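Here is my note on this model, point by point. Please read it with the structure open beside you.

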Amino acid sequence: MRQARIYQYTLPVTAGLFLRDQRLTQREGLVVELSEGAQRGWGEIAPLPGFSQETFAEARHALIAATAVWCDHRNIAMPQLPPSVAWGLSIAQAELDQRLPTPSSFQTVPVCTGDPDALFAALGHVSGGPHSGGPHSDDPSDEAKVKVGEYEVARDRLMVTTLLDAIPHLKLRLDANRRWRPEQLAAFWCGLSQAHQARISWIEEPCRDPYQSLAQAEALGVPLAWDETLRDSDDTGLKESDHVRTWVIKPTMMGDFAQVSQSVTRAHALGKIAVISSSLETSLGLTQLSRVASSLTPNVVPGLDTLGVFEQQLDRTWPGANQPLIPLDDQPLIWVNTL
């Protein structure tokens with residue numbers, strides 16, 4: 001017998017969180033629980049406002065319909081589902097089938113707001129693996145992520161150089177979120193010393209127009225990373241250019257587990273770095289993303305440092321996190337289907 005249960009959650013987030021200039025006060029999503037015999041699996045479905053192509057209402061409708069198909073032992077047409085629904089259902093199925101790897105390092109690259117002391121503390125508290133040495137380690141692999149493009153270029157450049165000078169072995173992943181004009185990207189990059197440029201792992205989506213980003217990368221040697229461009233563009237030449245170092249893969253906005261795996265495999269075949277990244281999932285979704293990253297990209301620390309925006313954790317605890325844990329059973333059960 002198969003059964004599907006769908007829960008809805010609404011969790012408060014910290015003040016001051018803005019997505020595409022829209023303030024977000026709470027995170028709304030769904031959790032599907034699939035059971036067959038003694039086996040069970042869970043998946044989170046949480047379209048990200050302003051970024052996902054589907055709305056929450058559309059995802060909810062599609063999920064209910066898809067679970068009815070699943071309970072009837074029919075195949076779900078994953079490519080026809082909204083990406084967040086395909087991801088949540090497929091990861092629940094993988095967990096049910098025990099295909100989702102259990103071990104996880106629970107590593108994540110910390111997101112830095114520009115305070116070197118805070119980054120010292122963050123690097124010192126990442127458990128295991130390449131970041132375990134902390135801020136005074138001689139390990140050359142300490143890495144952090146910094147958001148740029150929200151302020152003037154000179155301020156961003158000062159923040160980056162201050163961090164790199166303060167932590168000798170630090171490397172930085174920069175995310176401009178398409179905020180820079182081409183001349184701003186050039187001013188930022190050319191204002192860094194060559195030694196500092198060498199410690200920039202990549203700049204993610206610097207300009208609104210990806211072709212402008214690519215042109216500057218070709219002219220100046222900027223290491224590029226694509227995020228939205230992977231999903232928005234049909235131009236394979238743009239995505240596969242030699243000047244693109246990294247593919248940032250966000251499963252919630254990409255599709256089912258198979259499609260995510262194929263994207264990682266394709267990136268590796270092209271000689272690119274593939275990094276699994278979050279879309280503001282709860283602790284439940286983050287722990288699963290960590291397990292996926294440990295399996296698909298074991299040599300690259302994923303970008304999962306987003307739990308701090310939540311005031312609570314859901315169902316599963318992220319190691320070291322101190323937000324209170326809310327059981328899934330405390331959330332509204334909105335659909336049960338059994339066949």
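1. Start with Leu-280, in the loop between strand 12 and helix 12. Leu-280 has a positive phi of about 60°, although it is not a glycine. Its relative accessible area is 10%, so Leu-280 is buried. Buried means under 20% relative accessible area, exposed means over 50%, and partly exposed lies in between (1.4 Å probe, protein chains only).

2. A word on the source: this is a predicted model, where local features need pLDDT of at least 70, side-chain atom pairs count only at pLDDT 80 or more, and totals for chains, interfaces and linings use all residues. Residues are numbered from 1 along each chain as its sequence is written, and side-chain values use heavy atoms, with hydrogens and water left out.

3. His-73 also deserves a look. Its phi is near 60°, a positive value in a residue other than glycine. His-73 lies in the loop between helix 1 (56-71) and helix 2 (83-96).

4. Two strands pair if DSSP finds at least two bridges between them. Strands of a sheet pair through backbone hydrogen bonds.

5. Follow strand 7 (residues 143-147). Because 4 of its 5 residues are buried, strand 7 is largely enclosed by the rest of the structure. Strand 6 (residues 111-112) pairs with strand 7 in the parallel sense over 2 bridges. There, Val-111 has Lys-145 as its bridge partner. Strand 7 is joined to strand 8 (residues 171-175) by 5 bridges, and these two run parallel. Lys-147 has Asp-175 in strand 8 as its bridge partner. From strand 7 the chain crosses through helix 4 to strand 8, and this β-α-β crossover is right-handed. That means the path from the first strand over the helix to the second runs clockwise when the strands point away from the viewer.

6. Further along the sheet, strand 10 (residues 224-226) and strand 11 (residues 244-249) run parallel, joined by 3 bridges. Leu-224 has Val-244 in strand 11 as its bridge partner.

7. What is the nearest side chain of opposite charge to Asp-156? Asp-156 sits in helix 4 (residues 153-166). It is buried yet has no salt bridge, and the nearest such side chain is Arg-155, 6.2 Å away. Lys and Arg count as positive, Asp and Glu as negative; His and the chain ends are not counted. A salt bridge needs a side-chain nitrogen of Lys or Arg within 4 Å of a carboxyl oxygen of Asp or Glu. Not counting residues up to four places away in sequence, Asp-156 touches residues including Trp-180 and Phe-188. Contact means heavy atoms within 4.5 Å.

8. Ile-203 also touches residues including Trp-180 and Phe-188, again leaving out residues up to four places away in sequence. Of the 70 residues in the largest nonpolar core, Ile-203 is among those that touch the most other members. A second, separate core of 22 residues includes Ile-45 and Trp-70. A nonpolar core is a set of buried Ala, Val, Leu, Ile, Met, Phe, Trp, Tyr and Cys residues joined through side-chain atoms within 4.5 Å.
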